[in-house]
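Here is a short tour of charged pairs for your viewer. Keep the model open and select as you read.

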Amino acid sequence: MIRYWWLGLVFIAMLLLPLFIGEFWVHVAIEILILGLFAVSFNMIFGYMGQLSFGHAAYFGVGAYATGLLLVKTSVPLPVALAVSMVTAGFFALVIGYFCVRLTGIYFAILTMAFGQMLYYIIFQWYSFTGGDNGLQGIAPPAWLMTASAYYYFTLFIVIAALIVMWFISESPFGYTMRSIRENADRTRFIGINVSQYMLINFVVAGMFAGLAGGLLGPFNRSIAPDLCNWHQSGVPVFMTVIGGPLGFFGPMIGSVIYTFLFAFVTGFTEYWPLTIGLVIVFVVLFMPGGVLGLAQSKFKTLGARDLRAGPQGPIDTET
Amino acid sequence: MKSKTTIIVCALMLLGGFTLAGTGLAAEPYNLGVNLAITGTGALYCKDGVDAIELAVAEINAQGGFLGKHPIELFIRDSHTKPDVAVREAKDLILRDKVRAILGTYSSACAVAIKPVAQEYKVLHIPAISNSENITMVNFSPYTYQVVPNSYMQAKAVVLGVAELAKKKGWKNYITIASDYEWGRSTQNNTVALLKQLAPDLKLTKEFWPALGETQYTSYITAIMGQKPDFVIGSVAAKDNVAWMKQATAYGFFEKIPYPGSLISVTELIVQAKSMTRGMVGLSRAPFFAHLDVPMMANFVKSFKAKYDRYPSDWAVMEYDAVYVLKQGVEKAGSIDTDKVKDALKGATVDTTRGRLYFRTIDNQLSCSSYIGVVADDPKYPFPIYHDLVEVKGPDSWRPEEEIVAARAK
Amino acid sequence: MDASLVFAQFLSGLSRGMMLFLIASGLSLIFGVMNILNFAHATLWLVGAYVCYTFWFLMQDYAFGLWLSIPLAALVLAAIGWVIEVVLIRRVYKRELPEQLLLTYALVLILGDLIKIVWGVEDKLIERPPLVEGPVFIFGMPFDSYFIFVILVGLAVAVGLWWFLQKTRYGHIVRAAVFSREMVSALGIPIPRIYSGVFALGIFIAGLAGAVQAPVGSITLGMDMAVVIQAFCVVVIGGFGSLLGTFVAALIVGEVYAFSILFWPQGALVLIFVVTAFILIIRPWGLFGTPTRA
């Protein structure tokens with residue numbers, strides 16, 4: 001674990017952040033955390049399992065609405081609402097994932113997208129329950145979390161806890177089974193693993209954490225809308241992961257820092273954000289296929305996170 | 001490697017923070033935010049709105065700004081006709097650009113969405129195109145002042161006219177077509193409810209709800225014509241309204257079926273000048289030609305035409321009024337402090353291009369009128385306007401206070 | 001509910017289906033031949049509409065203005081498609097699916113903003129020529145005369161594509177290339193040129209579809225977003241790479257829309273997605289596709 005000494009530095013920096021930056025940038029930091037969590041959960045399916053889900057926003061949105069509805073219509077405390085978000089999102093992931101994991105490649109991508117859109121339209125049309133296209137307004141966090149800094153620390157600790165859990169999952173035998181499925185699903189099947197079942201479990205876990213991220217978003221924004229389930233929203237974690245690098249655990253989080261910060265920065269002086277991010281993506285896809293992490297690994301040979309392609313290195317570990 | 005990135009990111013953020021803090025201001029400008037649909041369904045209406053705001057701001061700044069010493073700085077954001085984007089842009093405007101007031105939005109859903117945000121951060125909010133009644137009736141915010149005749153007022157105005165017509169022509173049943181979003185729903189619901197009160201014999205046989213942003217109305221047109229209703233009431237918005245009316249005209253819809261009292265703003269009159277069916281009875285929110293006797297309106301039309309080489313639509317009129325209402329609030333308060341301005345505007349009487357009007361205290365609604373007329377050509381203008389114009393005044397058409405109190409109690 | 005209403009809805013569903021076919025056929029062709037799912041297809045369709053508007057605007061004093069603008073716009077789009085293929089798409093043939101999808105998705109964003117920059121945010125309205133301004137009457141029911149034109153164009157494209165693929169030498173080469181790139185290459189036929197040509201053809205059709213759509217309502221930003229999902233559904237339901245499948249699926253989707261307005265207005269889109277998901281689950285290669293794909 002000493003390998004990750006720099007993580008400690010980052011942690012301290014993040015703790016001290018609100019003392020040095022204006023309220024606007026604290027809001028940006030909260031967004032980086034929430035979307036980063038969303039992207040890391042997406043990467044469980046993409047980087048680790050090797051499948052492109054273009055409908056991951058469905059669970060993000062479901063989580064957002066679960067917490068949002070609970071906070072607006074009942075007096076359930078926020079932590080409970082977040083737990084409900086995770087369970088609800090996990091449930092939807094279970095139902096949808098059941099059908100999706102039987103497919104791969106482009107079919108998997110399109111089916112996840114189709115389900116995402118279905119969910120989007122259902123939320124959009126169900127005006128009486130979800131508020132439909134008006135969205136849900138007036139979602140208020142509890143009084144002790146009303147200020148930006150307070151919500152920042154709250155989000156920080158929850159996201160860190162979630163990341164730790166996901167890290168352990170990814171480094172467990174389950175996580176390595178995922179990598180093996182990514183590399184060659186047939187061979188994995190031959191050694192007796194029920195591939196579909198494993199893929200489904202992974203899908204559900206990823207969905208749950210996406211739901212947690214969504215649940216955090218509602219009280220932060222005070223407002224949510226069905227667009228959170230849209231395929232455009234599904235594209236956001238894909239962008240972040242690709243920019244940061246899909247083959248490292250922290251890749252999507254790095255991607256979130258870059259993407260969210262860029263967004264806040266660019267929208268300050270131009271309306272042509274889609275053009276900007278489109279060009280960035282083209283650049284990354286054509287010239288930086290491993291994302292920032294890939295670039296870092298090839299240039300510096302130091303490992304911010306271990307190269308996921310390799311298994312455990314064994315006892316000879318020069319970094320420790 | 002990652003720590004390096006983090007440090008650079010932190011440094012950049014620090015820089016950003018200091019820059020923001022460092023905007024120490026000499027003659028303190030008045031930061032005014034505009035949150036309109038520059039793109040999306042509402043873009044058609046909003047361009048005029050933005051132009052009018054810029055005109056008003058230029059006029060006021062020519063005299064030194066508010067109170068002669070606070071030049072207005074405009075910050076314009078695109079809400080994309082989406083509530084969540086509107087909220088994000090509102091927060092941006094408030095936190096990054098430190099605006100004191102937000103003008104806009106276009107979509108009623110967006111207005112309802114940013115209302116609590118404006119209230120939480122104590123920023124004035126003047127919707128000048130959105131008009132769903134829900135903006136002022138429920139979840140009342142003392143920071144929101146409405147200068148548009150709201151959906152109830154418009155519905156009442158229409159219903160008064162339509163009930164008359166129905167009696168005269170012996171109409172029995174009707175169909176509605178409304179854009180499926182906040183404004184469409186609010187307007188259609190109010191219209192149907194009021195019609196039931198004033199003309200209880202009329203039967204609503206079917207409701208059609210095309211989605212916001214729908215571009216193909218053929219199936220709706222054929223379905224409606226197939227049902228052969230006595231008349232149709234439409235609550236279709238902005239771009240959709242253009243598409244709907246254009247396509248329906250291609251079917252000869254308006255010659256076959258009476259279409260009374262649906263929103264035909266000055267924008268539609270100008271954009272569809274050639275194809276619009278003359279003789280239709282339409283509803284408008286702030287047609288400039290209805291108040292040319294008011295000096296403020298005459299001057300506005302002249303300046304707008306001079307600057308932009310076109311006539312102002314309802315939306316231009318109301319956004320212009322919004323800026324000047326704000327100005328009068330600042331003058332009454334004697335300061336640009338938002339809370340003082342907010343209190344000054346409460347129940348205030350203000351001069352607008354539509355005449356001298358006042359804000360009702362219970363819901364901060366301006367006592368502005370709705371306008372019904374017959375589409376007809378006029379030699380003065382290159383587009384048809386309304387003749388036989390009936391102005392239904394605000395106090396005659398707004399929801400009675402007891403009903404608002406009851407609705408809020410629920 | 002009487003027969004004339006049913007007939008009227010049927011006709012309107014037919015016109016909607018034809019529009020969808022025009023958009024989806026190019027998408028299906030490109031995926032069928034090159035295995036690239038072009039997210040940007042509907043955005044290029046929209047560019048076609050805008051380009052058609054510009055041509056019409058320049059020629060609006062002439063009666064034939066609109067009729068000439070449509071094929072001109074399609075040709076311009078074909079050229080744009082060729083350029084995009086050579087500069088961008090060509091680089092990702094050997095890459096994995098996610099990178100290909102991301103590239104075309106990025107194109108959606110880039111082109112969308114470029115449209116905004118070039119044409120601005122205001123709606124564009126094309127005045128229809130008097131020939132197609134009013135309704136025609138079919139069995140006493142009024143029907144938008146312009147849609148007769150749309151249906152004719154749709155049929156022409158369907159027949160034209162079929163004839164191209166089945167009856168021309170170039171079409172045979174394209175179909176062979178689907179089966180085996182290596183063999184076609186070994187015969188000395190340059191594969192990159194074929195791919196550029198097919199991509200350009202697909203975009204030509206998209207541009208044509210956009211130009212044909214232009215006079216129907218107004219041309220506005222963001223129209224591509226609603227359409228691209230529907231086009232995907234059509235291609236999935238019909239089967240990737242199957243022209244017949246795309247045609248049939250487009251008509252089905254169009255009719256589902258037209259009739260659901262009468263019974264379950266909010267449900268049209270949800271229904272389409274349910275059908276799409278259903279097909280993907282039980283028969284991923286679509287109604288008329290072949291299982292060897294993907």
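Start at Arg88(B). At 22% relative accessibility this side chain is partly exposed; the classes are buried under 20% relative accessible area, exposed over 50% and partly exposed in between, with a 1.4 Å probe and protein chains only.

A word on ground rules. The model is predicted, so local features need pLDDT of at least 70 and side-chain atom pairs pLDDT 80 or more, while totals for chains, interfaces and linings use all residues. Residues are numbered from 1 along each chain as its sequence is written, chains are lettered from A and ligands numbered from 1 in the order written, and side-chain values use heavy atoms, without hydrogens and water.

Glu31(A) and Arg88(B) form a salt bridge, with the closest N and O atoms 2.5 Å apart. The term means a side-chain nitrogen of Lys or Arg within 4 Å of a carboxyl oxygen of Asp or Glu. This pair crosses between chains, from helix H2 (residues 23–48) of chain A to helix H3 (residues 83–95) of chain B. Helices are DSSP runs of H or I, at least four residues; strands are runs of E, at least two; both are numbered from the N terminus. Glu31(A) is buried at 17%.

Next, select Glu89(B) and Arg77(B). Their salt bridge has its closest N and O atoms 2.7 Å apart. Glu89(B) sits in helix H3 and Arg77(B) in strand E2 (residues 72–78) of chain B, 12 residues apart. Both are buried.

Move to Arg356(B) and Asp351(B), paired at 2.9 Å between the closest N and O atoms. Arg356(B) is exposed at 63%; Asp351(B) is partly exposed at 34%.
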